[in-house]
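This note is for a colleague meeting the structure for the first time. The points below may be read alongside the sequence and the model.

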Amino acid sequence: MAFVDQAEDILAKSKKGIEESLKKIAKKKFAENPQAGSEFVEKTLSNVSTNTDAASVVHSVDLVVEAIVENLKVKNELFKRLDKFASEHTIFASNTSSLQITNIANATTRQDRFAGLHFFNPVPMMKLVEVIKTPMTSQKTFESLLDFSKALGKHPVTCKDTPGFIVNRLLVPYLMEAVRLYERGDASKEDIDIAMKLGAGYPMGPFELLDYVGLDTTKFIMDGWHEMDTQNPLFQPSPSVNKMVAEKKLGKKTGEGFYKYK
């Protein structure tokens, strides 16, 4: 597997993160045999190469999975370039969680070999993968991505190329409705979080999850969906989220969002 990013220091940091994730998995998987766990980590890392030039490695791969910034123009520029260097059989997939796959695929000449492959964080632990088929995606490409997901030990689900696919299409409006409940003064954010954890069995309340995901990320998704469908009440922007993003209170990563973090 070739792992590509913009700079060597980013690659080194990312590979270290992969190693740490593998060690956590090995600790659980090989609890009674630490030596086998170490061998598992070393063998897996030996299969990962790094590069700062995607065009130089894409000619020899069967599948490209893109997970760069959620910006349609930037994604299109990348795929347009890779399309020129990739083999004819190579499948392109985007890990986008909010943009439409069709709009990304249209930057290439291989719309039939283009689909969505949306993983969930933390990827080593989360079993789910959403496989998104556009109207142009071939059945062969679609089935290949289902098989690939299963080979990774994941559980693939399928969805049409609709905003947010399955999980985010249900999750983001739920998060925003919790914010609206709070904005109206109907309940405190603390009580809303407790209610959803104890009443619905969720591991995190909506405000805890918003801070974990990042309020800037949530705003970006909502703004994009609102632009696509301005009349949809579920896609209306939130004044409090917009205010906090403007103040750089983005959640856990900045130390403050709906809650404060040390």
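1. The model is a predicted one. In helix 10, the residues Leu215, Thr218, Ile221, Met222 and Trp225 are buried. Viewed along the axis of helix 10, the buried residues lie within an arc of 130 degrees, so they line one face of the helix.

2. What do the buried residues of helix 10 pack against? Their partners are helix 7 (167-183), helix 9 (206-213) and helix 11 (239-246).

3. The length of helix 10 can also be checked. This helix covers residues 215-228, and its 14 residues should span 20 Å at 1.5 Å a residue; the end C-alpha atoms are 20 Å apart, which agrees.

4. As to annotation, an unreviewed UniProt entry lists residues 164-261 as "domain: 3-hydroxyacyl-CoA dehydrogenase C-terminal". Over residues 164-261 the chain is 60% helix and 0% strand, and the end C-alpha atoms of this stretch are 29 Å apart.

5. The largest nonpolar core has 15 residues, of which Val64, Phe79, Leu82, Phe92 and Phe114 touch the most other members. Helix 4 (72-85) and helix 5 (101-105) each contribute at least two residues to this core, and helix 5 gives the largest share, 3 residues. In soluble globular proteins, nonpolar side chains tend to be buried together.

6. Neighbours within four places in sequence aside, Phe79 is in contact with Val64, Glu66, Phe92, Ala93, Ser94, Ile104, Thr108 and Phe114.

Notes: Residues are numbered from 1 along each chain as its sequence is written. This is a predicted model: local features need pLDDT of at least 70, side-chain atom pairs count only at pLDDT 80 or more; totals for chains, interfaces and linings use all residues. Side-chain values use heavy atoms; hydrogens and water are left out. UniProt positions are given in the numbering used here, feature names are shortened, and annotations may be inferred rather than shown by experiment. Helices (H or I, at least four residues) and strands (E, at least two) are DSSP runs, numbered from the N terminus. The expected span of a helix is 1.5 Å times one less than its number of residues. Buried means under 20% relative accessible area, exposed over 50%, partly exposed in between (1.4 Å probe, protein chains only). The arc is that of the directions from the helix axis to the C-beta atoms. Contact means heavy atoms within 4.5 Å. A nonpolar core is a set of buried Ala, Val, Leu, Ile, Met, Phe, Trp, Tyr and Cys residues joined through side-chain atoms within 4.5 Å.
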